[in-house]
Amino acid sequence: MFGLVGPNGAGKTTTLSMATGLLRPDAGTARVLDHDVWADPAGAKALMGVLPDGLRLFDRLSGGELLHYVGLLRRVPLAEIATRSAELLDALALADDRDTLVVEYSAGMTKKIGLACALIHAPRLLILDEPFEAVDPVSGEVIRSILRNYAHAGGTVVMSSHVMELVESLCDELAVVAQGRVLAAGTLDEVRAGSSLQQRFLDLVGFTASGEESLAWLRSSSGSS
Amino acid sequence: MVALLVRLKLTLLKNSLKRSLWRTVGLIIALLYALGIVVVVLAAMVGLRYTSLALTADITVIAYAGLTLGWLLMSMLVFGVDETIDPAKFALLPVRASELLPGLLLAGLVSAPGAATVLVAAGLVIAWARTVPLTLAALVAVPLGVVTCFLLSRAATAACASFLSSRRFRDLAFVAVALVGVAMAIVGNLINAIVSTEVAKLRSSLGDLAIVAGWSPFGWAWAIPADVSRGAWAAAGVHLVLAVGLVGLLWMTWEHFLALGLVSPMDGGGTASKVRDSSSIERLYPATPAGGIAGRALRYWRRDPRYVAGIAGFLIGPIVLIVTQMINPQGNAAIAVFAPSLLGLLVGFSIAQDLSYDGSALWLHISAGISGAEDRVGRVMSTMTIYLPLTVILLVVAMITTGAWHLLVPAVGLAFALMLSALGVGSFVGTLWQWPAAPPGASPFSQGKAGGLPSLLSLTVTMLGTLSLTLPTIALVIWSFSTPWVGYLTVPVGLVCGFIVLRIGMTQGGRILDRRWPEAMLAVSEKAA
């Protein structure tokens, strides 16, 4: 399980988009299990399950219809689509909302149905952009255990996040990126180098605490209205 | 607040121009077009100064009432409302609708059509500046008329948009189409009658039309100087009261819907509705990626207001033509019989804009690794499922109402030749240009954020391409008017040509798409300014 961490605007989403064939890189290659994403897109994409961040879904479909649709696009046999989507909806606590339009889902539910879409064709590699954003703690734990089991069974997960605790508890390896560059990469212990990941991250990215006097006007407002 | 909103509009306009060359080109074209209209109208108004008072009265009332009606129709059916400043964005700020309105009104006039309307309206003063009372009356009429134009489009679209976001939108869209169709048919006949009569009668028809226009809500304001020129002070007073009342009413209507928008900016609301099981759709198409796309698109045809509005828009033309011929006994049956072919011609655009309508949700197709050809085939299947029955229904209606059965064969040949070619051309053109379309939740009346030029280009190329590739069939149809047996050739020739164009369009379009998926993705998801 590989974590990609970095501050806002570091290039996490851009990196993942280029690795999944959504954004054409100016230079360089992306390889998935010996398939070049840009030379052999069909072969590489068949092995990947993708959960992008900030892109719409076909949200005028219900959750069940969306899963069925993704299953068809991914050439999953019809019978498999039915059993897998039922299990996925059950596991992610979306079974009650399978006939609700995705557009009416909350942010967390949308993340979960997106994850289900990424999983339905049983990919070898999962690429998840901010998979835990807006997900409630219970569902978050469910997703964690799904991902852990998936990794134990031989799958690979690449996920981006800016929640250090999450990456620390889940990932085996990680890379810290900022302003489009990799600042550190390796196993969790290598990157941490003795201190906590949070501290190491702040050191790498270059954090300077804002002074006491900044935003002073905010404090005075607590006294008034 | 007024100055703030106008400045906001100018800043937004400036920033959007900085971001995209297309928009700059689009704005310049719009401005040139508007300038052309303004120059023509102003020249006409100067010319009217050399004619009689009565003629000036009739022509100005008709022309300006037409302008007002045009604002309503254009904003409802064609252009939508300029949502550069989206009132919903103010929902979090502590402002009241009544504070926003004057600013929104003025900011709305800061646009090519807004500025053109103000200048065109100023032409009324030029035409009437002959005596002091007439000049004064024109000076009163112009602001009233301009404000009416603008408020009418805003109030009508705001009212309809809130209907459309409700569940009843489908019925309303079709009712609106029917009403507009009938209205246009009547106006068409009126014009027909006017043109076909002699000049003496023409003059009196013009007078009749001016009276109708002047007493319709569209002409109340514009008729004031005309009344004054006749010395009909009572009529002028009544028109003034009516015009002011209309502005007030529209103002309150708009304020009402704006206030609603400020407290409920998000569509949908709390009630999470369930959809009915529609697995029958899945059995309609094969269980392949293309079949999946077709099924998904068919669901969108029913659930996405943009597609519903699209069907309604495409049906207007043929329905108007058929209705006009129905109520006009001396009409030409051929026009009604060939009207359904128009639908085939328009279908191409529907397919050409399909990728843009998907928006950033298109990533799913790309990351699933489906081929461009599968994408094309799926979209063609669903579009056919919608428009093939509609064309057949229109053909049957046209045949029954006109009874021109001898034209049945060429009409069928032309309709299907056009539809197949349009689907092929649309499949191909749709891969060349994409643009960020308004998302499905947005009002179908709001303008595509940057759609402008690429969508216009796509429309033009699709239309011209379809027409030129259907030329063999069109030629046969024309020949069949003089040599009836040729009509029987139109069906085989039309079908064969159509299927060839469709096949080439889908495979070549798919090939382009295979190369351009990431670029298409970038084009449809360009962040709205």
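**Chain B's side of the contact**

Reply: Chain B puts 31 residues into the contact and chain A puts in 33, with two residues in contact if their C-beta atoms, placed from the backbone, lie within 7 Å. Bear in mind that this is a predicted model, where local features need pLDDT of at least 70, side-chain atom pairs count only at pLDDT 80 or more, and totals for chains, interfaces and linings use all residues. Residues are numbered from 1 along each chain as its sequence is written, while chains are lettered from A and ligands numbered from 1 in the order in which they are written.

On the side of chain B that touches chain A, helices H12 (289–303), H16 (363–367) and H21 of chain B each supply at least two residues; helices here are DSSP runs (H or I, at least four residues), numbered from the N terminus. H12(B) gives the largest share, seven residues. Sorted by class, this side has 14 nonpolar, eleven polar and six charged residues (Ala, Val, Leu, Ile, Met, Phe, Trp, Tyr, Cys and Pro are nonpolar; Asp, Glu, Lys and Arg charged; the others, Gly among them, polar).

Now follow H21 (residues 487–524) of chain B to H18 (residues 408–429) of chain B: their axes come within 7 Å and cross at roughly 10 degrees. Those axes are lines fitted to C-alpha atoms over the stretch in contact, with angles from 0 to 180 degrees between N-to-C directions. H18(B) and H21(B) are therefore roughly parallel, the word for angles under 35 degrees. Their contact has 19 nonpolar, eleven polar and no charged residues.

Key:
Angles under 35 degrees count as roughly parallel, over 145 as roughly antiparallel, 65 to 115 as roughly perpendicular and the rest as oblique.
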